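Visitor: I would like a close look at a single part of this model. Please take me through the pocket and then what surrounds it.

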Amino acid sequence: MSEAPPVDGDKPIGPRSRKGVQTRARLVDAAKAVFERSGFLDARISDIAEEAGLSHGSFYHYFESKDEIFLEVAEAQEDRLSSHSIIDSGLLDPSSGATVRERLRASNHRYLSDYRDEARIMGVIEQVSRYNDQVRSVRFARQQSYNRHTQDSVRRLQAQGLADPELDPDIAAQALSAMVTRFAEMWLVQHLLECDFDEGVEQLTALCMNALQLKDRPSDKAPRPTDA
């Protein structure tokens with residue numbers, strides 16, 4: 001049974017000062033630790049408050065429920081992971097002389113490293129999103145935002161002559177995102193695959209390269225002329 005908030009008719013007012021912001025952040029960090037340790041269903045608000053070094057009642061100054069703080073934890077994780085994945089701004093960085101494959105590998109490595117570091121909480125989020133509509137909606141919104149960025153990247157790669165021009169950017173973005181996120185979950189959360197980390201990154205990079213038929217040259221430079 002859920003722990004009920006104090007009956008005083010007041011809703012959380014949220015932080016209004018630097019100290020309040022810091023306290024709220026402590027609660028979110030504490031909640032993440034408790035959810036990792038106990039899972040969502042067995043986690044208690046009193047455990048979160050204790051982890052944060054606060055009283056039980058202090059929790060309700062910032063959050064109405066365990067569900068609300070879990071949503072914030074899930075949002076933070078989605079934001080962190082969506083900054084690195086199949087295609088990000090680094091792949092199209094004109095200041096880099098790295099090849100497309102090198103940039104894509106670096107992007108995949110960052111994403112999978114972050115996912116591995118956060119595997120415990122991602123396992124809880126994956127589980128809760130299967131039955132909690134709010135968590136699922138939050139994840140969907142974050143993923144759609146990332147997918148729009150990926151679609152734009154695919155279009156730019158096509159315009160530069162680096163990706164298969166016949167691909168639909170929308171379908172390609174959705175399919176590649178689904179492949180990478182599901183692969184990360186099966187490998188790093190469910191442990192259904194055993195392989196060296198660098199080998200996993202290499203294989204995922206090869207799959208992405210093949211799927212988009214990416215040409216392995218610096219994305220900001222034209223092809224070099226063939227030697228006579």
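Guide: H4, H5, H6, H7 and H8 each supply at least two residues of the lining of the largest pocket. These labels follow DSSP: helices are runs of H or I of at least four residues, strands are runs of E of at least two, and both are numbered from the N terminus. This is a predicted model; local features need pLDDT of at least 70, side-chain atom pairs count only at pLDDT 80 or more, and totals for chains, interfaces and linings use all residues. Residues are numbered from 1 along each chain as its sequence is written, and side-chain values use heavy atoms, with hydrogens and water left out.

Back to the pocket. A pocket is found on a 1 Å grid over the protein atoms alone: it is an open set of points with protein on both sides within 12 Å along at least five of seven lines, whereas in a cavity a 1.4 Å probe fits but cannot get out. Lining residues have an atom within 4 Å of a point. Here 23 residues line the largest pocket. Glu78, Arg139, Gln143, Ser177 and Thr181 lie nearest its centre. Its volume is about 450 Å³. That volume is the space filled by probe spheres set on the grid points, which are joined across faces, edges and corners.

Now take H7. This helix gives the most to the lining of the largest pocket, with seven residues. H7 has 27 residues, which should span 39 Å at 1.5 Å a residue, and its end C-alpha atoms are 38 Å apart, so the two agree. The expected span is 1.5 Å times one less than the number of residues. Several H7 residues are buried, among them Val135, Val138, Arg139 and Tyr146. Buried means under 20% relative accessible area, exposed means over 50%, and partly exposed lies in between, with a 1.4 Å probe and protein chains only. The buried residues of H7 pack against H4, H6 and H8. Contact here means heavy atoms within 4.5 Å.

H4 also holds Ser82. Ser82 is partly exposed because its relative accessible area is 26%. Ser82 and Tyr111 are 29 residues apart in sequence, yet 8.0 Å apart in space, C-alpha to C-alpha.

Next comes the core. A nonpolar core is a set of buried Ala, Val, Leu, Ile, Met, Phe, Trp, Tyr and Cys residues joined through side-chain atoms within 4.5 Å. The largest one has 49 residues, and Phe35, Ile48, Ile69 and Leu112 touch the most other members. Elements that give two or more residues to this core include H1, H4 and H7. H1 gives the most, with seven residues. Leaving out residues up to four places away in sequence, Phe35 touches Phe40, Ala43, Ile48, Lys66, Ile69, Phe70, Val73, Ile121 and Val124.

Look along H1 itself. It covers residues 18–42, and its end C-alpha atoms are only 31 Å apart, short of the 36 Å that a straight helix would reach. H1 bends by about 85° at Glu36. That bend is the angle between axes fitted to the seven residues ending there and the seven starting there. Lys32 touches Val73, Gln77, Glu118 and Ile121, not counting residues up to four places away in sequence.
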